[in-house]
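Dear colleague,

I am passing on a structure for you to look through, and below it you will find notes on what turned up. Please keep it open beside you as you read.

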Amino acid sequence: MATVALRRPSLSAREWGILALLALSVLINYIDRANLSVGATNIQAEFGLDDYRLGILLSAFSWTYAAMQLFGVSGWLVDRLPVSWVYAGGFLLWSGATAWTGIAGGFASIFALRLMLGIGESVSYPSYSRILSNHFPEHRRGFANGIIDAGSKLGPAVGTLVGGLFMARYGWRAFFLGLGALSLLWLVPWVKWMPRGEHYTVKRTPAGAPTSLDILRHPCAWGSFAGLFCSNYFWYFLIAWLPAYLEQERHFAKPKMAVFGSLAFLAIALTSLFAGWLSDRWIASGASPTLVRKTFAGAGLGCATIIVTVAVVQNETLAMILLMIACISYGAYSPNLWAITQTLAGPLASGKWTGLQNGVGNLAGIAAPWFTGWVVERTGHFYLAFLVAGLVALAGAFAFVFGIGPIVPRFPEHEAS
């Protein structure tokens, strides 16, 4: 009997189907986030945009994406309406915005469409959490969340490679139109097989559950918010400006940029999978979550600061090696982020804590693209932007190591009640 109880049951065909559709959707999600940066130099040349205005365009997605989560709109929609249909609506909105960008007439229209993209994608992570928590039992959620995270890291890799090669041949407009139109096909199997039932309609807050104010009273919450903001600054700096840097300052042709840019994001994705597996094995061997999670977060973000050297090394081969090392280091950090939050918050507060943290953290999606554009416009170079990204990543390492204290549940009295 003990052997049977310890054996990990396999996923059912329906669970595999839902997980596959969610993984594909998050891959599309992150391709859509990164596609503007892949075509940045083309769009800049066609509309005569300076680097500052390009930075504003690259930040526009995060304006609405962060606000919708920070002010609880996305969470309210997911909690109060059938989540599968909410997600379908968000997917329709962001895919439509992507396709429509292909026929946009200038700065204002692209800016508005990127705001629409942020609104649509803002329901994605609350929906993932709601669907996985209701449809996948506890002993299967780790694997399911790992697949979702892998999709988020592979999206920019696939988008940079395919988008760069496609745009070099057919132009940026054709890529946006084709991507948006093809993405809409995802809705056909989703509407057919999406989760349905009473668990996916109204979700009531349990009596005695921690409030948002309870969370904000904890200093460790602010440490986790700061840590995510800093790490997201590094991530959005790469997503928004790495392709343009490789083209403008390294003078890579677009196909060459596509290859090296995608390799950088692929390095993050593969390292994230390995680091997540390794951290779980380390904890299983008896190490404390505090030691393991802080080691990966602190060392990963700390070593990611090597990205500063990329901007000063003249040798192209060495610069690309240093870029890969920085991305590998970031990948070692990323799978431990939400594991820290989920332990600190506990089951009754994880949703609110995650929403607040993700809202604050994604403000970096506004700051990093905008500031980088301002720097490049004023100085003509990327060095200061790389320096700031490295220093902010280092600040994130300090926030996770010293700003949150022991990684233990902070609301044990609520869980016991």
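**Contacts along the chain**

Among contacts in the protein chain between residues at least 6 apart in sequence, 85% join residues at least 24 apart. Please bear in mind while reading that this is a predicted model. The protein chain has 22 helices and zero strands, and of its 417 residues, 53% are buried.

**Two pairs of helices**

How do helix 14 and helix 15 run, roughly parallel or roughly antiparallel to each other? The axes of helix 14, which covers residues 254-284, and helix 15, which covers residues 289-303, come within 9 Å and cross at roughly 155°. Angles over 145 degrees count as roughly antiparallel, and helix 14 and helix 15 are therefore roughly antiparallel to each other. The crossing in which helix 14 passes helix 15 is right-handed. On the side of helix 14, the contact is made by Ala 275, Leu 278, Ser 279, Asp 280, Trp 282 and Ile 283, while helix 15 contributes Pro 289, Leu 291, Val 292, Arg 293, Thr 295 and Phe 296. Sorted by class, the residues of this contact between helix 14 and helix 15 are eight nonpolar, two polar and two charged.

The second pair is formed by helix 2 (residues 13-38) and helix 4 (residues 51-70), whose axes come within 9 Å and cross at roughly 155°. That angle makes helix 2 roughly antiparallel to helix 4. Here the contact is made by Arg 33, Leu 36 and Ser 37 of helix 2, together with Leu 57, Leu 58, Phe 61 and Tyr 65 of helix 4. The contact of helix 2 with helix 4 has five nonpolar residues, one polar residue and one charged residue.

**A loop residue**

If you follow the chain from helix 13 (219-248) towards helix 14, you will find His 251 in the loop between them. The phi angle of His 251 is near 60°, which is a positive value in a residue other than glycine. Is His 251 buried or exposed? Its relative accessibility is 65%, and because exposed means over 50%, His 251 counts as exposed.

**Cysteines**

A disulfide is a covalent bond between the sulfur atoms of two cysteines. How many disulfides does the structure hold? The structure holds zero disulfides.

Methods: Residues are numbered from 1 along each chain as its sequence is written. This is a predicted model: local features need pLDDT of at least 70, side-chain atom pairs count only at pLDDT 80 or more; totals for chains, interfaces and linings use all residues. Side-chain values use heavy atoms; hydrogens and water are left out. Axes are lines fitted to C-alpha atoms, for helices over the stretch in contact, and angles run from 0 to 180 degrees between N-to-C directions. Helices (H or I, at least four residues) and strands (E, at least two) are DSSP runs, numbered from the N terminus. Angles under 35 degrees count as roughly parallel, over 145 as roughly antiparallel, 65 to 115 as roughly perpendicular and the rest as oblique. A crossing is left-handed if the near helix is turned anticlockwise from the far one by less than a right angle, and right-handed if clockwise. Contact means heavy atoms within 4.5 Å. Ala, Val, Leu, Ile, Met, Phe, Trp, Tyr, Cys and Pro count as nonpolar, Asp, Glu, Lys and Arg as charged, and the others, Gly among them, as polar. Buried means under 20% relative accessible area, exposed over 50%, partly exposed in between (1.4 Å probe, protein chains only). A disulfide is a pair of cysteine sulfur atoms within 2.5 Å.
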